[in-house]
Amino acid sequence: MNQTLEETIIAVSTPAGHGGIGIVRLSGPEALTIARKIFSLKEPEQGLPTQKMCFGYLMDDVSQETLDAGYLCYFPPSHSYTREEVVEIHLHGSPVLLNEAVRLGIRAGARLAHPGEFTLRAYLNGRIDIIQAEAINDLIRACSLDQARISFKQMEGSLSRKIAVVREKIVELLTLVETSLEFPDEEPEINSAQIRDVLRELIGDLDNLVKSYEQGRALLEGLTVAILGKTNVGKSTLFNALLEEERAIVTPYPGTTRDFIRENILVDGVLMKLVDMAGFGQASHPAEKEGIARGQQLAEKADGLLVVLDASREESSEDFLLLKRFGHKKKLLVFNKSDLKPVINRQKILDSSPGAGWVEVSALTGKNLGRLKKMMLETFSPQLEKQEEVILHQRQKVLVESLKNNLENGLRILDEGAGEELVAEAIREALPAIGQLTGEIRSQEILNQIFSRFCIGK
Ligand SMILES: Nc1nc2c(ncn2[C@@H]2O[C@H](COP(=O)(O)OP(=O)(O)O)[C@@H](O)[C@H]2O)c(=O)[nH]1
Ligand SMILES: [Mg+2]
């Protein structure tokens, strides 16, 4: 990736396709000069206030043809995303027009930006660290409101600050240990018991961060919710109803669904991967048999189960087998077909599955589906402690783990009664991991990996 900051870069920053408006963005030392060549202000005599929308026209500066009307907004380096001159040109959201604006900008001296290059510049110019850059991309790509919330906080520096505190504590500890070593005749600044306390506390904090990665993954990838039940109880109808579209095939005949189908739904901002599968019980076809086997495996790994029962029929041994088989999983009992005359002995089912939440619904009429969704959220989402940081990237997790290992190593050396010099050395080895985490230690490979995942124009 080209990293010369002398060049001015340009790209369309809004998504591909037709839209109400589209934005072309420039960043670099010539951003304003180039923008003024291709965009002429309607009232140039009024000057160009910073961070204000100024009306004008997109112009071909050679043919003098006016191509569109829109707004130009200038951000001086002190207030821009990249810490360079940035200009946004807001036009009508037509891909041909926006591409033409980019072509004109390039003819006037700009270069097409690489994916993520605006954010890369914000990092290279010291406005954000690497953790924040990753968070910006996470925010853009967030599929759920919970993930967006976390990414926004991290973009604002919450995780970076947490890491900075760890670093300060380590540096302070090192300074105290080293001063004590330097002046062995004086009263030591810190004794072994105090060193041990500081290390233990740091290791505890880092351990919580490492553990949060599991939660982070659930957020990033969504929760898998499998729909289980005997054949013909209405699983596919429920699946379609929750999805609000006719995705799975529904027929009155048992064994209609042979494989499993997975679709995403958003429940109150939380991403859920809903899986419809073959009904449990006697398979009438080899494909159905295989479907049942795969379904069992999937259900075993799911974050939650919806066990569907046909309330208009008598409960059967298969229902009880199923409940027993998945007794250990988080689940909700869904008594379906509540629009028909109730026949099932509900209490008997509830007794066999103590503690499980339940709800009466009709997948056909939609009765209680809102309530079911609410219960799915309450029962299946990991309980995020609001103030806790959550790690969303393996890169970060690996580095935090290595940091923790170094400190544990220091603690072990201390416990073995080795000299404080060796302890200090072990602790000092933790520092590079922090530098890599925040991007203070720059690795071209890591930069390429991170920024190539961005969109062009960000
Ligand atoms: N009356 C009524 N019929 C339903 C309801 N849900 C599903 N059905 C019917 O039950 C039959 C089997 O449904 P389906 O979704 O294919 O069941 P699956 O085998 O569990 O996937 C179909 O004829 C559906 O129309 C419901 O809530 N009420
Ligand atoms: Mg089905």
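Residues are numbered from 1 along each chain as its sequence is written, and chains are lettered from A and ligands numbered from 1 in the order in which they are written. In this predicted model, local features need pLDDT of at least 70 and side-chain atom pairs count only at pLDDT 80 or more, while totals for chains, interfaces and linings use all residues; side-chain values use heavy atoms, with hydrogens and water left out.

Seven strands form an open sheet with mixed pairing, in the order S3-S4-S5-S6-S2-S1-S7, where strands (E, at least two residues) and helices (H or I, at least four residues) are DSSP runs numbered from the N terminus, and two strands pair if DSSP finds at least two bridges between them. The edges of this sheet are formed by strand S3 (39–41) and strand S7 (111–112), each of which pairs on one side only. Strand S1 (residues 9–12) and strand S2 (residues 19–27) run antiparallel and are joined by four bridges, with Leu26 in S2 as the bridge partner of Ile10. Helix H1 (residues 31–38) packs on the sheet and touches S2, S3, strand S4 (53–59), strand S5 (66–75) and strand S6 (86–93), its direction making about 80° with that of S3. Contact here means heavy atoms within 4.5 Å, and angles run from 0 to 180 degrees between N-to-C directions, the axes being lines fitted to C-alpha atoms, for helices over the stretch in contact. Helix H3 (residues 117–124) also packs on the sheet, touching S1, S2 and S7, and its direction makes about 140° with that of S1.

S4 and S5 form a hairpin with six residues between them, and in its turn Gln64 has a positive phi of about 65°.

A further open sheet comprises six strands in the order S9-S10-S8-S11-S12-S13, and its pairing is likewise mixed. Its edge strands, each pairing on one side only, are strand S9 (261–267) and strand S13 (357–360). On average, neighbouring strands of this sheet are turned by 25° against each other, direction ignored. Strand S8 (residues 223–229) and strand S11 (residues 304–310) pair in the parallel sense over five bridges, and the bridge partner of Ile227 in S11 is Leu306. Helix H10 (residues 317–325) lies across S8, S11 and strand S12 (331–336), running at about 170° to S11.

Ligand 1 is surrounded by 18 residues, of which the closest are Asn232, Lys235, Ser236, Thr237 and Asp339; a residue is near a molecule if one of its heavy atoms lies within 4 Å of it. This shell divides into six nonpolar, eight polar and four charged residues, and helix H8 (residues 235–243) gives the most to it, with three residues. An oxygen atom of ligand 1 is 2.5 Å from an N or O atom in the side chain of Thr237, while a polar backbone atom of Asn232 is 2.8 Å from an oxygen atom of the ligand. At Val233, a backbone N or O atom lies 3.3 Å from an oxygen atom of ligand 1. Taken alone, ligand 1 exposes 580 Å², and the protein buries 88% of that, with accessible areas taken from the Shrake-Rupley method with a 1.4 Å probe.

Note on methods
Polar contact = N/O pair within 3.5 Å; in protein donor to acceptor, adjacent residues only side chain to side chain. Nonpolar A, V, L, I, M, F, W, Y, C, P; charged D, E, K, R; others polar.
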